[in-house]
Protein chains: 2
Amino acid sequence: MNPSPDDRFEVRAIGWVESPLTDRGDAPRQGDEGAPDAVLRLDPAVREGIRDLAVGERVIVLTWLDRADRDVLVVHPRGDRSRAPHGVFSTRSPDRPNPIGLHTVQIVEIDDVRIKVRHLEALDGTPVLDVKPLLGPVGER
Amino acid sequence: MNPSPDDRFEVRAIGWVESPLTDRGDAPRQGDEGAPDAVLRLDPAVREGIRDLAVGERVIVLTWLDRADRDVLVVHPRGDRSRAPHGVFSTRSPDRPNPIGLHTVQIVEIDDVRIKVRHLEALDGTPVLDVKPLLGPVGER
């Protein structure tokens, strides 16, 4: 199989992040480094898809890091210029060919299509692409 | 912030999966349920981005599940019709609005832009979108 015109695909926001974080420079590098709580305001069109999510559950949220530079292949880890540059696929830099953010968060409140989560480092207005459960042991899936 | 025309984004394959798995019905549900080894054949254009990946490392691979049904919001978990239907965001079903696959695999061989990984349940020809490191403890990032 060779690269072809079929190598581009469209993702669609299923919701948006509401967060006090508005500036990339102020955002923590990862959720467990002091990120605030945030709300995933989902599109009512996907309401049926979230009906089994529950408060207390830990989930994986995928976002579209819309302020990223997609032409970058090498970065200084964590933006620290004293550290040797690394290939982006060995880092969690938002700057990468497909700037998809991966966040593990706990759900702390659900109000219709508004899902409040703990410690999310995504900026206000960031599009949400997907929510997935964490996988338990093989026998409990 | 409201939904707007800015709610659609383009992802581009950075590579493709080479796997003996060709049929969705035969594929294991998850990598740790008997999936075979597979090769990520990356586009030489992203070579610089993988330069710090190493054999033995465990990484997260994001794929585009191009054979998925994007209009599905409720599924029987694991395709088992004896189980009550669940909202897709509480399942790992490939059928979901943005069919992005999330796979944690170990790198077993690297030959230029061909990265062989252990236990990947993605089908042959599946586009690869991203590779990310697993995060270690906060102080070691």
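**Two chains, one axis**

Me: What makes E1 of chain A and E1(B) a pair?
Reply: Strand E1 (residues 8-12) of chain A and E1(B) are joined by five bridges, in the antiparallel sense. Strands pair if DSSP finds at least two bridges between them, so these two count as paired. A strand is a DSSP run of E, at least two residues, numbered from the N terminus. Within this pairing, A:Val11 stands opposite B:Phe9.

This is a predicted model, where local features need pLDDT of at least 70, side-chain atom pairs count only at pLDDT 80 or more, and totals for chains, interfaces and linings use all residues. Residues are numbered from 1 along each chain as its sequence is written, and chains are lettered from A and ligands numbered from 1 in the order in which they are written.

Me: Why is the relation of chain B to chain A called a two-fold axis?
Reply: Chain B can be laid on chain A by a turn of 180° and a shift of 0.0 Å along the axis, with an RMSD of 0.0 Å. That is the relation of a two-fold axis. The superposition is by least squares on C-alpha atoms of residues with pLDDT of at least 70 in both copies. B:Glu10 is the residue of chain B closest to the axis, at 2.3 Å (C-alpha).

Me: How do you know that the copies meet through the same surface?
Reply: 100% of the interface residues of chain B are also interface residues in chain A, so the surface is the same. Contact means C-beta atoms, placed from the backbone, within 7 Å. Each chain gives 50 residues. E9(B) gives the most on the chain B side, six residues.

Key: Two residues are in contact if their C-beta atoms, placed from the backbone, lie within 7 Å. Helices (H or I, at least four residues) and strands (E, at least two) are DSSP runs, numbered from the N terminus.
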